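Trainee: Can we go through this structure together? I'd like to start with the charged pairs.

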Amino acid sequence: MKRKERVDQPRRLKDMVYKALFNEVPFCVAVIDRKYNVVEANEAFERNFGDWRGKKCYAVYKKLHRPCDECPSDSVFDNGKVVVADAVGVDKNGKSTHYVGHVAPLRKTEDGPIDYVLEMTRTVTGTKSWQQEYQVLFDRVPCYIAVIDKDYRIARANEAFRRSFGDVVNRHCYEVYKRRTSKCPNCPAEKTFRDGKVHRSNQVGMGKRGQDIHYAVTASALARSGEDIAHVIEISTDVTALKKLEHDVIEAERLGAVGQTVAGLAHSIKNILMGLEGGKYIVSLGLKKNDSEMITEGWEMLERNFDKTTSLVKDFLSFSKGRLPELRMIKPADLIHDIVDLYKDIAAQSGIELKVDLPRSVRKAPLDPDGIHTCLTNLVSNAIDACQMGEQKGTEVIIRLTEEKGTLVFEVSDNGSGIDYDVKKKIFTTFFTTKGGEGTGLGLLTTRKIVQEHGGKIVVKSEPDKGARFRMEFPRKRLVTLYEDSSKSENSERSR
């Protein structure tokens, strides 16, 4: 090999490499001079933008007849710095194409002027399309979506969120959701930042117009396994309408119970008035006849019915209060222990065994302790009476507490006289009593009212001579709803 050939060989190899690289890189490359002429381009560029020879760059890229208003090549020619620009052009088929351009200066000599610019463009039309679809999905889903950073500031929020909570980006989530100045207790996002797991909770927030918004929120980490969690995404479902419906159902049940009670009350008063009228007649007749025995008999009738009126009015006032139960987080078993202490001696004196059946542990529940105490008092008192009326030996009353699939259950059962079918139909619908003049017929109605005010129900099973079993069932979800409502009302009262 001659000496000149040996010297030119590395240069030819270098040229071959550059040419191959120029044509084979997986993006478009073009060389442009100061007059916007495309002086060289690779095969990818021609496949995408068409024939470029003898054309201006703006004509090739965007099918324009004049330079672009914001030309990255001009900027590179002016200051010699690399520019990365995002642009929309037109491909050789006339379709819009979105691309990212990387524009760098080219000099013939290292310290010479900039003779050309090298434009390397990568088409991102597909990526942009996906981004737009994701954005539409993000904004249009029928739930609230917020992305929260480690400082608990909202980095992104979708349309539904902004529509309900306002312009929220870069504000603290606790400020936006609840007008708080510090993190919320039981914050699901905080838990997710801590352990990276999915956390759910039910919350009550305040909308941009000051309205209450009930929502069920799920917090998830925006990070791959093993990565530090920089953001948490919260997806929330607005359940305000459902909460209102639950409240309306509870209120309708309460009003229904009151309506039935009013009808029963009128009937009971009528019976008392008849007793008073009879006493008055006997007293008047005794006065006319100067018969002290008759006067005493009539007076006793008047006193008995007067006492019954007093008792009825007191019970009814208690029964008719349209108030929400005063809920507190208490241990349900404590109520049962109180009832046992109250009735164990009375039951023992009648030869009745008072038993308790409690599980090892039952979670605290939001209950009105006075109300549930009244219910248990009525049921245990009735059970003891039923045992006394029965003819069975070895009578017993059992108070049981259970939790069944999210429902708290108080149960009072006995093996006393039982209730026949006809009586069972009446015990919750009128001022019905089987105790003659001793009862007002309000005990079970009051019990049912209190149970319904807790969002629960009471059911009874009984057969004559086989005893009876009353169950008060309280779904925890309803108890929690009432508890949140009452807490909110108390807070509202305090803020006034």
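This is a predicted model: local features need pLDDT of at least 70, side-chain atom pairs count only at pLDDT 80 or more; totals for chains, interfaces and linings use all residues.

Trainee: OK, which residue does R53 meet in a salt bridge?

Mentor: D51. The N to O distance is 3.0 Å.

Trainee: Is R53 buried, partly exposed or exposed?

Mentor: Partly exposed, because its relative accessibility is 48%. D51 is partly exposed too, at 39%.

Trainee: And what about R171, which partner does its side chain have?

Mentor: R171 meets E175, at 3.4 Å from N to O. R171 has a relative accessible area of 30%, so it counts as partly exposed. E175 is at 31%, also partly exposed.

Trainee: Now E411. Which side chain does it meet?

Mentor: R400, at 2.7 Å, N to O. This pair links distant parts of the chain. E411 is in strand 15 and R400 is in strand 14, 11 residues apart.

Trainee: New topic. Which residues of helix 4 are buried?

Mentor: S73, V76 and F77. Helix 4 covers residues 72-79.

Trainee: Why do they sit on the same side of helix 4?

Mentor: Because they cover an arc of only 100° around the axis.

Trainee: What covers them?

Mentor: The cover includes strand 1, strand 3, strand 4 and strand 5.

Trainee: And what comes just after helix 4?

Mentor: G80, which takes a positive phi of about 75°.

Trainee: Let's go to the surface. Which residues form a nonpolar patch?

Mentor: L13, M16, V17, Y18 and L21. Together they have about 540 Å² of accessible area. L13 lies in helix 1, residues 3-24. L13 is exposed, because its relative accessible area is 52%.

Trainee: Last one, the whole chain. How many helices and strands are there?

Mentor: The chain has 15 helices and 17 strands. Of its 496 residues, 40% are buried. The accessible surface comes to about 29500 Å², and 52% of that belongs to carbon and sulfur atoms.

Conventions. Residues are numbered from 1 along each chain as its sequence is written. Side-chain values use heavy atoms; hydrogens and water are left out. Buried means under 20% relative accessible area, exposed over 50%, partly exposed in between (1.4 Å probe, protein chains only). Helices (H or I, at least four residues) and strands (E, at least two) are DSSP runs, numbered from the N terminus. The arc is that of the directions from the helix axis to the C-beta atoms. Contact means heavy atoms within 4.5 Å. Accessible areas come from the Shrake-Rupley method with a 1.4 Å probe; for residues, only the protein chains shown count as cover. Patches are made of residues with over 30% relative accessible area and no salt bridge: like charges are joined within 9 Å, nonpolar side chains (Val, Leu, Ile, Met, Phe, Trp, Tyr) within 5 Å. A salt bridge is a side-chain nitrogen of Lys or Arg within 4 Å of a carboxyl oxygen of Asp or Glu.
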